[in-house]
Each structure stands twice: as C-alpha cells, then as structure tokens.
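Reader: I've got a model on my screen and I'd like to learn how to read it. Could you walk me through a few features?

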Amino acid sequence: MDQKLEEYLEKVEKYLKPLPVSERVDIVQEIKSGMTEQSNSGRSPEEILGRLGDARELARAYLSQVITGEGDRKGPARLGLWSGWRRICALAAFYSLAGLGGMFLLPFTSVLGLSLMFCGLVAPVAGAVKFAGELAGFKIPWVMLEIELAGFHYQAEGIWMLLYSVLMGVVLFLAGKLLWALTLKLVRIFGRAKQKMG
C-alpha cells in the first residue's frame, strides 16, 4: 500500500485511540479495504485521500457511529445500553474531535442528563426511606422536602413526602432522558463527516 495511505490510516487510528483495540482494528481494516478497492479500480492515492477527506473528520464519524449505534457500529441505541467503558471512551474521544461546540455542549448535556437521571432514581428511594422511618417512629433529618417561596414555607411529611419524592423523581428522570437524547442528537450532528468512499 502507498505510503500516503498508510500515514492516513495511522492518523485515523491515533484519533480512535480511546476505543478498545479490537474496535480500532475493525475500523482501520474497514477503511483499508475501501482504499484497496479504490486502488484496484484505478484510483490514485491522492484521489482516494480526496474522497476520504480529513482523517480527523473520518474518525469523528466513526466515533459518532459507536456512540449512537448508527450504521454497522454497535452502540447504546442498538444494545439498549447508555453506559459502559467502551461508550465512555468513545464519548471522550468524540469530545476531543467535535470542535468548540462539542467541547462545551456535549459535556454539559451528557453530564447533566446522566446526573438528573440518577437523581430521578434516588429521589423516590429517599422518599420511601423517609416514609418507612416515620412509620417506624424514627426521625430521618437528612431526607426532607421543603418549599419556601415569598414567605410561604412548607415541609412535606408522611405520605406527602413519598408522593412528592416519586413525582420529583419522575420529573428529574424525564428531564435527564431528554438531555441524554439531546446529547445523542448533538453527537449525530457533530459526527457528520463526508464519507465519500464506495
């Protein structure tokens, strides 16, 4: 294979470094196969590289596929998972390639989305613990729901604490899901690269 094509593959592999080795090898092999096909059909290395575009952009497109589960890449949308070391590595690598918008928007939406989903799961549990404690005659001062607005003060007790915590948990979890969906949409937007092979 031509030296320029080899150097291009090395750059792509460098940008995909946070991914597991097997995933990186698969992606580089896929690109290499495309290069070989193009070369066998009479295209020069310069034409092939022109069709592929910037190595950074191509790596970003593949990372986007890993994160969102689009194309042939396995991701959270396909496996039903939103976490995992592989996806976290891909997301971290994607941040570094997504440019200025990705550096600010993606961390904000992803971290806030995951945090809100976590709080949405914890709030009903805390409410249930508080309610069970009150039924058993224990005071649990570190779990409370207080509302104070313009001189109005309300502290939820008993069954109201449980109901409010469940309601708050649902609201927080849905807000987190919405932000996570926005994160995946942003990854798709920032990940669009000109992949002209084939």
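This is a predicted model: local features need pLDDT of at least 70, side-chain atom pairs count only at pLDDT 80 or more; totals for chains, interfaces and linings use all residues.

Reader: Fine. How do I check the span of helix α1 against its number of residues?

Author: Helices here are DSSP runs of H or I with at least four residues, strands are runs of E with at least two, and both are numbered from the N terminus. The expected span is 1.5 Å times one less than the number of residues. Helix α1 covers residues 3–15, so its 13 residues should span 18 Å, and its end C-alpha atoms are 19 Å apart, which agrees.

Reader: Which residues of α2 are buried?

Author: Glu 23, Arg 24, Ile 27, Val 28, Ile 31, Gly 34, Met 35 and Gln 38 are. They cover an arc of only 125° around the axis, which puts them on the same side of α2. Val 21, Ser 22, Glu 37 and Asn 40 are exposed on the other side of α2. After α2 comes Gly 42, with a positive phi near 100°.

Reader: Which residues touch the most other members of the largest nonpolar core?

Author: A nonpolar core is a set of buried Ala, Val, Leu, Ile, Met, Phe, Trp, Tyr and Cys residues joined through side-chain atoms within 4.5 Å. The largest one has 18 residues, and Tyr 8, Val 12, Leu 16, Ile 31, Met 35, Leu 52 and Leu 58 touch the most other members. Two or more residues come from each of α1, α2, α3 and α4. The largest share, six residues, is from α4. Apart from this core lies another, of eight residues, including Leu 106, Trp 180, Leu 186 and Phe 190.

Reader: Now the charges. How many salt bridges are there?

Author: Side chains of opposite charge can pair when their charged atoms come close. The rule asks for a side-chain nitrogen of Lys or Arg within 4 Å of a carboxyl oxygen of Asp or Glu. By that rule the count is three.

Take Lys 4 and Glu 46, whose closest N and O atoms are 2.5 Å apart. Lys 4 lies in helix α1 and Glu 46 in helix α3, so the pair ties together parts that are 42 residues apart in sequence. Lys 4 is partly exposed, with a relative accessible area of 41%, and Glu 46 is partly exposed at 46%.

Reader: Which residue forms a salt bridge with Arg 24?

Author: Glu 13 does, with the closest N and O atoms 3.7 Å apart. Arg 24 lies in helix α2 and Glu 13 in helix α1, so this pair ties together parts that are eleven residues apart in sequence. Arg 24 is buried, at 9% relative accessible area, whereas Glu 13 is partly exposed at 28%.

Arg 60 and Glu 57 also meet in a salt bridge (2.6 Å, N to O). They are three residues apart in helix α4, so about one helical turn separates them.

Reader: Last one: where does Ile 140 lie?

Author: Ile 140 is in the loop between α7 (99–136) and β1 (146–149). At 12% relative accessibility, Ile 140 counts as buried. Not counting residues up to four places away in sequence, Ile 140 touches Val 129, Lys 130 and Gly 133. Ile 140 and Lys 130 are ten residues apart in sequence, and their C-alpha atoms are 6.2 Å apart in space.

Definitions and conventions
Residues are numbered from 1 along each chain as its sequence is written. Side-chain values use heavy atoms; hydrogens and water are left out. Buried means under 20% relative accessible area, exposed over 50%, partly exposed in between (1.4 Å probe, protein chains only). The arc is that of the directions from the helix axis to the C-beta atoms. Contact means heavy atoms within 4.5 Å.
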